[in-house]
Amino acid sequence: MKMTRVLISILVLVITVFIVSACNSNNQESENNQEKETNTEEANNNHEAREDEETTEDQTMDEEQSNNEEKPQDEQAVKQVEVTYEINDKSSVIPIDDADEKVVLLTIDDAPDKYALEMANTLKALDANAIFFVNGHFLNTDEQKEALKKIHEMGFLIGNHTMTHQNLTKVDEKTQRQEIVDLSDLIEEVIGERPKFFRAPHGQNTNYSRELVQKEGMVLMNWTYGYDYFSPYQDAEKLKKAMISGEGPEVDVPYSLLKPGANLLMHDREWTNAALADIVTGLRDKGYTVVDPRAIKTIEQ
Ligand SMILES: [Zn+2]
């Protein structure tokens with residue numbers, strides 16, 4: 001009896017030792033597995049880190065995408081563009097060295113009225129940059145200022161088109177100064193920088209306004225063609241055709257004004273907004289590149 005109890009005790013002990021050791025071994029195995037997994041994960045991560053961003057894990061992609069949603073405006077706005085063009089005295093865009101000459105400049109005047117922000121979104125979706133020439137009388141409300149800020153943050157250039165769109169040849173020098181300098185002050189207040197380009201209302205300047213614009217550090221330009229302000233072309237289909245062909249037979253332009261360096265005048269108008277995407281696509285189909293206005297030489301450069 002005693003002997004049996006001893007044997008049982010020994011058996012229990014042996015079984016216990018076996019179980020404990022088995023457990024340990026399992027634990028160790030599991031730890032080993034975990035370690036292996038960790039190593040594999042690290043290896044994968046290292047591998048992924050070496051790969052293109054596109055091949056990273058979904059989670060990383062999501063993070064990047066959400067970052068991109070917040071950042072592209074800033075990145076776009078601060079993006080450094082090499083200066084490769086200048087505006088000549090005919091308002092055409094001319095390559096400085098060996099830049100592609102087959103370019104057009106897009107400009108949107110009398111902004112930001114009703115359509116400028118939508119036009120900016122259209123252009124942005126097409127990766128086409130432009131200069132928005134703005135007026136002070138469209139910058140009275142917080143909403144209008146916010147629209148200007150957004151357009152600037154999207155990477156578009158903001159140009160000065162005078163405070164109240166007066167014909168500069170019909171007002172005295174003091175008024176001309178107010179029309180020009182006060183708007184640059186206002187633009188700076190809204191977007192944090194002064195405009196580098198100026199376009200006079202109706203393209204009408206005085207000697208005084210030309211000098212002042214230069215002193216204010218702005219490049220003065222008119223345009224080479226535009227049709228959206230002529231009544232026969234205040235229609236999206238007709239405007240599209242005229243802008244892409246460069247011809248405006250209904251306003252005595254039976255020949256094409258579309259040529260390398262053309263400076264295209266458009267406005268914050270319903271029909272121009274409606275035609276804008278097709279105008280850009282049509283010009284590109286003809287082999288023209290929409291020039292990035294940040295590549296155009298400014299006064300300090
Ligand atoms: Zn205007």
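Glu188 pairs up with Arg194 in a salt bridge (a side-chain nitrogen of Lys or Arg within 4 Å of a carboxyl oxygen of Asp or Glu), with 2.7 Å between the closest N and O atoms. This is a predicted model, where local features need pLDDT of at least 70, side-chain atom pairs count only at pLDDT 80 or more, and totals for chains, interfaces and linings use all residues. Residues are numbered from 1 along each chain as its sequence is written, and side-chain values use heavy atoms, leaving out hydrogens and water.

Glu188 is partly exposed at 35% relative accessible area, and Arg194 is partly exposed too, at 27% (buried is under 20%, exposed over 50%, partly exposed in between, with a 1.4 Å probe and protein chains only). Another salt bridge joins Glu237 and Lys240 at 2.8 Å, N to O. Both sit in helix α8 (residues 236-245), 3 residues or about one turn apart; helices here are DSSP runs of H or I, at least four residues, and strands are runs of E, at least two, numbered from the N terminus. Glu237 is exposed at 53%, while Lys240 is buried at 17%. Shared partners also tie Asp185, Glu188, Arg194 and Glu216 into one salt-bridge network. The total comes to 9 salt bridges.

Asp110 is buried at 8%, as is His161 at 3%, whereas His165 is partly exposed at 22%.
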